[in-house]
Amino acid sequence: MTLWLMAGLLFTPLAWAVLTLLTDFTRGRLVTWGGILVQVLVSLGLWLVVSRDGGFYYALGGWQAPLGIELRVDGLAVTFVLLTAVVASACGFHAGVYIDPDKPWHRYFWPLFWFLWSGLNAVWLGGDLFNLYVGLELISLSAVGLVALGGKAGALRASLRYLLAALLGSLAYLLGVALIYGQFGTLSIAGIVFWLEEHPVPAGSSLALALMVAGLALKTALFPLHRWLPPAHGIAKSPVSALLSALVVKASFYIAARLWLELGEPLGNLAAAQLVGLLGSAAVVWGSWLACRQMELKQVVAYSSVAQIGYLFLLFPLTYSVSESVSLQAQQGITLQVISHALAKAAMFLAAGNLVLSTGSRRVDALTGVSRFLPFSLFSFALAGVSLMSLPPSGGFAAKWLLLQASLGSGQWWWVLVLLVGGLLSAVYVFRICRASFLESPETNQFYHPHRSLEIIPMILALLSLGLGLVSAEVLSVMALPFEEEGSP
């Protein structure tokens, strides 16, 4: 059973990618919708197996590390596998209606979509540094291709800038991986942890961790390394923007968080943890401020992503040299922040795409009067904004509440100010969009009405982000599932 589930998660997306490569956009859409059903069922199946039996290590094909591919299937990994299934399915269904099938280059959307999904699953389940790199590269190259499908000169420039940032991030990460292999003789994360339990920390290993985290921070667009993100997310097709913001930037952060939680205590230090937290705080304030000043709707949402990503990096100071209970609160808060932001931002980008489609303009001031013609999409945008503003009962509120408790519990009260300022600035840019939509003008009574299904999908995602706070205990309980250490190096 487990063999089929793992094969389904890692290899069937590649099969769907090849199949859709042989078809045009319309036939690829039908193939993809069938594939989405399979992927959702497989993801649910793995979640049920872990819920029943607990987490485990899995050697793909029966080959043990270091020769084989080691997979770590725990509660956190299956949570992200399921999150990917939900968000990618929503974006896939939305794209099938939203994207123009008559443009010949759009036929490549589906193969890239499936390569991206395959890479995401590989990252969530990866247990060694090199295979995490392979998954990360598959994600980056697919994402760059998806941005380029915008078809305009601006899209090509944004994709090239994105590619350059991704390559620089990969170079830094690989340098760190090479140093780690030279010092520990293994690339298995569990193997490195086991080695450190038996030996003193070798000189220079902190540099290896710093290089890997720096490369991953560039790929995640942490301030001040964020300049590639707004052009790419702003100009891409809305379903692509949703995928990038909800899932792609989370993959590199996920690896950085895994490395920090496993290796941060022996290889990191307090100054580095505080520095990363300060950069995250700067991202919250600077990204929110720029979101308030943008003239284009999708640029508002893109800079909002820069700000929301900043919260994630508070994980570093809130889990270093603190009590176990504080560290657990911080980990739970960041997990909820990742999930709630993924759902809310996917909803927001899809709803923004509908509004742009309706008004025929990307500008915020073109939204005048759209509230009467497209209230459903506008409501979805506002509901998703509730989670970004951290208002109850949203998942964003539950996440920030846990981070606030962890900040006070560890005596690091200054992060509380970041949480408060970030919430207020989020309210400013969300209400600015709502205000522009409720203004009236006699010259703006002509709007295009998109297909009804395009409005339903972001509404479902926005409701999920809003309701996440009500079921946060159940979601977090999956992280606490027992893990079977047998099979680890």
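Reader: Where is the place of Pro-224?

Author: In this predicted model, Pro-224 sits in the loop between helix H9 (205-220) and helix H10 (229-235).

Reader: What is the peptide bond from Phe-223 to Pro-224, cis or trans?

Author: As a general idea, most peptide bonds are trans. Here the bond that leads from Phe-223 into Pro-224 is cis, with omega near 5°. A cis bond also joins Pro-392 to Pro-393, again with omega near 5°, and Pro-393 belongs to the loop between H17 and helix H18 (395-409).

Reader: Which value does phi of Ala-221 have, and is Ala-221 buried or exposed?

Author: Most residues other than glycine have a negative phi. Ala-221, although not a glycine, has a positive phi of about 70°; Ala-221 lies in the loop between H9 and H10, and is buried, with a relative accessible area of 0%. Ser-321, too, is a residue other than glycine with a positive phi, near 55°, and its loop runs between helix H14 (315-318) and H15. Ser-321 is exposed, however, at a relative accessible area of 51%.

Reader: How are the axes of helix H15 and helix H17 placed?

Author: The axes of H15 (residues 324-359) and H17 (residues 375-388) come within 8 Å and cross at roughly 155°. Because angles over 145 degrees count as roughly antiparallel, H15 and H17 are described as roughly antiparallel to each other, and the crossing in which H15 passes H17 is left-handed.

Reader: Which residues in H15 and H17 meet?

Author: From H15 the contact draws on residues including Ser-340, His-341, Ala-344, Lys-345 and Met-348, and these belong to a group that meets residues of H17, among them Leu-378, Phe-381, Ala-384 and Leu-388. Sorted by class, the contact of H15 with H17 has 10 nonpolar, 7 polar and 1 charged residues.

Reader: Which residues of helix H8 are buried, and what do they pack against?

Author: In H8 (residues 189-198), the buried residues are Ile-189, Ala-190, Gly-191, Ile-192, Val-193 and Leu-196. The buried residues of H8 pack against strand E1 (55-60), as well as helix H6 (129-148), helix H7 (153-184) and helix H11 (238-267).

Reader: How many disulfides does a search of the whole structure find?

Author: A disulfide is a covalent bond between the sulfur atoms of two cysteines. The search of the whole structure finds 0 disulfides. For Cys-292, the closest cysteine sulfur is in Cys-434, and at 13 Å that is too far for a bond. Cys-292 counts as buried at 14% relative accessibility, and Cys-91 is also buried, with a relative accessible area of 0%.

Methods: Residues are numbered from 1 along each chain as its sequence is written. This is a predicted model: local features need pLDDT of at least 70, side-chain atom pairs count only at pLDDT 80 or more; totals for chains, interfaces and linings use all residues. Side-chain values use heavy atoms; hydrogens and water are left out. A disulfide is a pair of cysteine sulfur atoms within 2.5 Å. Buried means under 20% relative accessible area, exposed over 50%, partly exposed in between (1.4 Å probe, protein chains only). Axes are lines fitted to C-alpha atoms, for helices over the stretch in contact, and angles run from 0 to 180 degrees between N-to-C directions. Helices (H or I, at least four residues) and strands (E, at least two) are DSSP runs, numbered from the N terminus. Angles under 35 degrees count as roughly parallel, over 145 as roughly antiparallel, 65 to 115 as roughly perpendicular and the rest as oblique. A crossing is left-handed if the near helix is turned anticlockwise from the far one by less than a right angle, and right-handed if clockwise. Contact means heavy atoms within 4.5 Å. Ala, Val, Leu, Ile, Met, Phe, Trp, Tyr, Cys and Pro count as nonpolar, Asp, Glu, Lys and Arg as charged, and the others, Gly among them, as polar.
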